[in-house]
Amino acid sequence: SFSSGCILFKRQPAVCLLLQKIKTEHATPQLYTTLHRRACSTVSTPRITTHYTIHPRDKDPRWEGVEMERFADEADVVIVGGGPAGLAAAIRLKQLANKHEKELRVCVVEKAPQIGAHTLSGACLEPSALTELIPDWKERGAPLNTPVTEDVFSILTEKYRIPVPMMPGLPMQNHGNYIVRMGNLVRWLGEQAEEVGVELYPGYAAAEVLFHEDGSVKGIATNDVGIAKDGSPKDIFERGMELHAKVTLFGEGCHGHLAKQLYKKFNLRENCEPQTYAIGLKELWMIDEKKWRPGRVEHSVGWPLDRNTYGGSFLYHLNEGEPLVALGFVVGLDYTNPYLSPFREFQRWKHHPFVAPTLEGGQRIAYGARALNEGGFQSIPKLTFPGGLLIGCSPGFMNVPKIKGTHTAMKSGMLAAEAIFPKLTGGHRTLTPEWGPWLHVPEYAENLKNSWVWKELYAVRNIRPSFHNYFGLYGGMIYTGIFYWIFRGKEPWTLKHCGTDANQLKPAKECTPIEYPKPDGKISFDLLSSVALSGTNHEGDQPPHLTLKDDSIPVARNLGIYDGPEQRFCPAGVYEYVPLDTGDGMRLQINAQNCVHCKTCDIKDPSQNINWVVPEGGGGPAYNGM
Amino acid sequence: MSGRVLVGVKRVIDYAVKIRVKPDNTGVVTDGVKHSMNPFCEIAVEEAVKLKEKKLIKEVVAVSCGPQQSQETIRTALAMGADRGIHVDVSGKDYENLGPLQVSKILAALAKQEDAQLILLGKQAIDDDCNQTGQMTAALLDWPQGTFASEVSLEGDKINLVREIDGGLEHIKINTPAVITADLRLNTPRYATLPNIMDSLMNNETELHKPNHRTSLCVGLIPLFETVAPEDMQGGTDRSGAMLRHTVLQSGKPKRIILSCLCI
């Protein structure tokens with residue numbers, strides 16, 4: 001794909017002239033330093049980032065005279081993100097409104113082109129929250145068609161498999177749960193939401209949080225459209241729209257980009273541990289009917305990861321009329337070896353003698369990846385702030401050993417709705433003396449603390465951190481066996497995580513490169529053909545949405561010290577180090593069109609230089625029932 | 001002259017999606033797959049809206065034939081600037097058998113009913129690549145046609161058209177009423193922004209029509225025997241056509257798989 005570095009490299013003299021002009025007028029010191037360093041240093045770095053979040057438009061002469069006013073609309077509640085949490089909150093709000101015969105305008109904005117297109121999950125769903133939300137989900141045709149019939153857990157070695165009995169009481173036990181295609185469930189939830197009167201707007205991404213003068217959240221603004229790749233306005237440029245609301249719910253999923261800004265602004269993470277993550281890669285396969293065992297759930301740990309790298313696999317046999325299996329691999333993002341490639345570990349795992357026979361003769365029909373939370377209880381931030389609150393995987397309610405977060409996400413959305421509704425419709429008024437434009441809903445956090453979500457997360461809080469010991473995986477399993485299975489998580493201590501995932505990478509010279517086998521094209525595949533299967537695409541002529549705070553750091557630091565780990569951890573091949581066109585050295589090429597919105601780069605970049613922002617709405621993967 | 005333009009919009013599988021043949025070889029999987037407006041139809045809508053903004057025509061009516069979901073496509077056209085939408089409800093078996101001949105009969109009937117001055121269509125749909133509807137509609141109405149248009153300008157009651165043809169560009173002048181089909185370089189379609197989508201949702205400017213037996217969807221069906229995916233590329237043989245496709249595939253962008261469709 002087209003590299004922005006090439007064109008702007010030639011324009012550098014113009015940038016220098018431009019800089020002289022800006023220097024004499026009011027330029028923010030930050031803008032001056034970054035541009036100045038880039039344009040006038042002896043080591044010239046090709047310009048990569050053109051996004052307006054890094055290069056503000058009010059100082060950019062190409063934007064002079066462009067109409068920047070936005071159309072604004074009012075709603076009662078705006079929900080960012082049309083996933084399980086956001087839709088559960090929307091449905092619950094409208095259910096309450098319809099029951100009490102109140103008018104309530106609930107708008108959901110979602111960056112995916114259709115509801116469910118950016119949803120990716122294993123998944124084994126615990127139907128508790130769904131039953132609370134929509135008790136007659138079966139009659140309404142919810143796509144929960146595959147009750148779990150068999151639960152298999154293994155520790156894999158390179159050639160063999162050690163079976164682990166799945167005793168009742170262990171968190172991974174799945175009796176009573178359903179294997180679902182989460183994208184289809186989310187799509188169904190979207191239909192239910194429309195039925196109760198929620199306004200759904202897929203294809204429109206929330207790009208900016210709006211604030212009142214007093215610093216409270218006023219609402220969101222959707223993305224601008226029609227900005228060219230070099231950051232200049234095109235003929236078809238149009239501003240996004242502002243949606244103002246009394247309260248805004250942020251349900252962007254794991255590591256949301258707006259939530260990242262809110263953590264800083266409202267200091268929501270001051271009393272909790274930093275969130276830790278994993279990356280999950282998933283494929284859907286149509287397999288040979290003889291190998292199909294509907295309702296069978298397989299999990300494994302061990303090979304190909306070493307005992308100090310958290311991760312494992314899943315393989316679920318769906319029962320929806322055709323021999324479909326969902327399989328995937330999860331790698332904890334606190335891994336230390338920069339040569340590790342989660343994608344290639346996944347492809348390698350598929351060749352294991354226990355896994356390969358299921359896939360032989362089959363056909364791969366889908367691929368995708370997404371980051372997921374592993375921080376659990378210790379990493380839950382402050383959840384409410386003036387004008388808004390956080391729901392779902394955004395703050396992070398995933399039960400890590402169970403590898404389920406959908407039921408807790410939905411419950412958090414429902415609790416948010418139940419806490420907001422009485423404040424919106426009279427009875428209690430807000431803290432402000434007269435009716436203020438925004439709501440602060442601390443009751444939501446209180447209700448969450450008193451619910452089964454809190455108890456569940458508290459009980460499993462020590463399982464993931466227990467892997468940080470000399471014996472790694474095995475130490476963790478022993479800890480789980482004693483303290484969770486026998487003592488139900490009631491031990492009085494709470495183990496800590498090791499710090500942020502980005503800080504865990506060791507320099508490349510201290511680590512050995514990993515020899516991955518070549519993909520065989522039948523069971524394992526190369527990266528680019530996998531990315532093509534995700535259906536991902538973005539409008540080509542827009543600024544890359546993977547923005548770098550400093551364009552010179554990738555080559556200087558990421559490549560220099562860590563040998564460019566982003567080339568390996570990105571499941572979509574977005575980052576490539578290619579030789580410079582002139583002279584020696586490398587430059588970073590960002591193939592933004594390949595991005596599948598997994599957020600791993602924002603999480604794992606050792607320099608924390610990459611800032612993922614939302615691209616034009618409607619872009620991204622086109623998952624179908626993932 | 002009524003100053004009314006009919007624009008045909010078709011709901012097709014999005015161009016970036018990797019399509020998959022159904023296991024029983026009766027077609028491609030469409031269930032749950034991302035759909036969007038045919039890119040050439042977007043260009044046609046944009047041209048119609050541009051003509052309206054230049055005050056050369058008075059009303060833009062977006063038409064789509066298909067199942068319930070076609071209303072989303074019409075809504076996008078309304079959000080881009082169309083005034084009204086007409087959804088011709090065709091679903092189930094009828095929809096599977098819907099082809100250019102049937103659609104052109106519908107469009108011809110609607111053109112007479114709405115007293116249209118101009119019909120703007122995309123040159124072809126990216127799912128069947130037929131490139132027939134515009135031409136058939138013009139023939140049924142006995143109207144002049146300007147296909148593969150890369151420039152359109154109205155001059156009184158005539159249209160100056162630049163057509164993209166194999167040899168280069170052809171300049172023609174045709175009378176109205178006429179049928180024009182849009183090619184890629186006609187314009188760059190605008191975005192359907194959120195305020196306009198909200199408006200089109202609130203105002204619900206779409207009429208529902210059911211095709212009657214006179215339109216006769218059953219006549220002229222092309223029987224589809226089988227749909228198969230093309231063979232995998234074999235490396236090593238030097239066939240220049242195949243080489244070109246291989247090079248394009250290697251750039252990492254997904255390419256549409258061309259299906260072989262056998263018919264009598």
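This report describes charged and aromatic side-chain contacts, together with one annotated region, in a predicted model.

## The annotated region

The unreviewed UniProt entry lists residues 467-487 of chain A under the name "transmembrane region". In the model, 67% of this span is helix and 0% is strand.

## Salt bridges

Over all chains, the count of salt bridges comes to 45. One of them joins the side chains of Asp60(A) and Arg62(A), with a distance of 2.9 Å from N to O. Asp60(A) has a relative accessible area of 15%, and because the limit for a buried residue is under 20%, Asp60(A) is classed as buried. Arg62(A), with a relative accessible area of 33%, is partly exposed.

Glu208(A) and Arg70(A) meet through their side chains at 3.1 Å, N to O. Glu208(A) belongs to strand 9 (residues 206-211), whereas Arg70(A) is in the loop between helix 3 (29-40) and strand 1 (72-80), so this pair ties together parts of chain A that are 138 residues apart in sequence. Glu208(A) is partly exposed at 30% relative accessible area, while Arg70(A) is buried at 15%.

A further salt bridge is formed by Asp334(A) and Arg464(A), whose closest N and O atoms are 3.1 Å apart. Asp334(A) lies in the loop between strand 17 (324-332) and helix 8 (342-349), and Arg464(A) lies in the loop between helix 12 (452-459) and helix 13 (473-486); the pair therefore ties together parts of chain A that are 130 residues apart in sequence. Both Asp334(A) and Arg464(A) are buried. Salt bridges can also join several residues, as in the network that links Glu150(A), Arg293(A), Arg296(A) and Glu298(A).

## Aromatic pairs

A pair of aromatic rings is described by the distance of the centres and the angle of the planes. The count over all chains is 13 aromatic pairs. Among them is the tilted pair of Trp285(A) and Phe525(A), with 6.0 Å from centre to centre and 50° between the planes. Trp285(A) lies in strand 14 (residues 277-286) and Phe525(A) in the loop between helix 13 and helix 14 (527-533), so the pair links parts of chain A that are 240 residues apart. Trp285(A) is buried, with 0% relative accessibility, and Phe525(A) is buried at 15%.

Phe377(A) and Trp454(A) form an edge-to-face pair, with centres 5.4 Å apart and an angle of 70° between the planes. Phe377(A) is found in the loop between strand 18 (363-373) and strand 19 (384-385), and Trp454(A) in helix 12; the two residues are 77 residues apart in chain A. Trp454(A) is buried, with a relative accessible area of 17%. Elsewhere, ring pairs connect Phe211(A), Phe250(A), Phe266(A) and Phe385(A) into a cluster.

## Charges over rings

Aromatic rings also take part in contacts with charged side chains. Arg57(A) is placed over the face of Trp63(A), at 5.0 Å from the ring centre.

Definitions and conventions
Residues numbered from 1 in each chain as written. Chains lettered and ligands numbered in written order. Predicted model: local features only at pLDDT ≥ 70, side-chain atom pairs only at ≥ 80, totals over all residues. Heavy atoms only, no water. UniProt positions renumbered as here; feature names shortened; annotations may be inferred. Helix = DSSP H or I, 4+ residues; strand = E, 2+ residues; numbered from the N terminus. Salt bridge = Lys/Arg side-chain N within 4 Å of Asp/Glu carboxyl O. Buried < 20%, exposed > 50% of the residue type's maximum accessible area, 1.4 Å probe, protein only. Phe/Tyr/Trp six-rings, centres within 6.5 Å; stacked < 30°, edge-to-face > 60°. Lys NZ or Arg CZ within 6 Å of the ring centre and 35° of its normal.
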